[in-house]
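Here are my notes on this model. Please read them with the structure open.

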Amino acid sequence: MLEWGELEQTCGSCTRCGLCQGRHHVVFGVGRRDTEVMFVGEGPGEQEDLKGEPFVGPAGKLLDDMLSIIDLDRQKVYIANIVKCRPPRNRDPLDVEQDACIDYLRNQVALIRPKIIVCLGRIAALRLIRDDFRITREHGTWTQRNGVWMTAMYHPSALLRDVSKRPDTFDDLLKIRQKMRELGIEYQE
Ligand code: URA
C-alpha cells in the first residue's frame, strides 16, 4: 500500500491500460481524506478529463445538489471513480481497464478507511458490491463488507436522462443520512 503522495504520483503517470493514450488528466479523486463516507462513480467524462477533478460536468452539478439534500458536500466526503482516465465517448469502462485501475481505488479505500461507500451507478456497484448487482432492484439496499457499509444509487447521469428515477434517489439519500446517524458519523463544517 502506498501513501497519498506516492499513490497520486504513480496514478498520475499510469500507463497500465489504453485509456492513458487519450487523456488530458488522470482524475484521481477529490475531497476529505479523513472522511467516513466515500462516493465512487464509474469514470471521468469530458469535463472531468479536462479539469482533472471527478464530477465537475452536468452530472457533477446534480451530484452536488444530491449531496446538499443530506447536508453533505464535496469537502466533507471523498469522491473517486472506478477508472481514473476517460473512456472514449464516455463508453462503459472495459473489464480490462477496470482491472488495470482498481488497485488505485483499493489503495484509496485502504488509506481513508471509510465506514460507508456509496456506489454511483451500475458499473461501480457491479465492481464493488456484487458482480450480479441489479441497480434497478437493489439501489438503496445495504451490504456490509470487511466492516464497510456499501450501498448504491442511480448514477447522476441516469437521473439527468430519466427524472422518474429521482424520487427513489431521494429515498436512497435519506437512507444514507440514516445510516450515518446509526454509525455516529457527524461532520464539522
Ligand atoms: N461520471 C462518473 O462516473 N464520474 C465522473 O467523475 C463524472 C461522470
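1. The sheet is open and has 6 strands, in the order 1-3-2-4-6-5 with mixed pairing. Strands are DSSP runs (E, at least two residues; helices are H or I, at least four), numbered from the N terminus. Two strands pair if DSSP finds at least two bridges between them. Strand 1 and strand 5 (143-145) stand at the edges with a single partner strand each, so one side of each has no neighbour in the sheet.

2. On basis: this is a predicted model, where local features need pLDDT of at least 70, side-chain atom pairs count only at pLDDT 80 or more, and totals for chains, interfaces and linings use all residues. Residues are numbered from 1 along each chain as its sequence is written, and side-chain values use heavy atoms, leaving out hydrogens and water.

3. Strand 1 runs antiparallel to strand 3 (residues 78-81), joined by 2 bridges. Gly31 stands opposite Tyr78 in strand 3.

4. The axes of helix 1 and helix 4 (residues 95-112) come within 11 Å and cross at roughly 165°. Axes are lines fitted to C-alpha atoms, for helices over the stretch in contact; angles run from 0 to 180 degrees between N-to-C directions. The contact (heavy atoms within 4.5 Å) uses Trp4, Leu7, Thr10 and Cys11 of helix 1, and Tyr104, Asn107, Gln108, Leu111 and Ile112 of helix 4.

5. Cys14 lies in the loop between helix 1 (4-12) and strand 1 (30-31). Its relative accessibility is 12%, so Cys14 counts as buried (under 20% relative accessible area, with exposed over 50% and partly exposed in between; 1.4 Å probe, protein chains only). Cys14 touches Cys20, Arg23 and Tyr104, not counting residues up to four places away in sequence.
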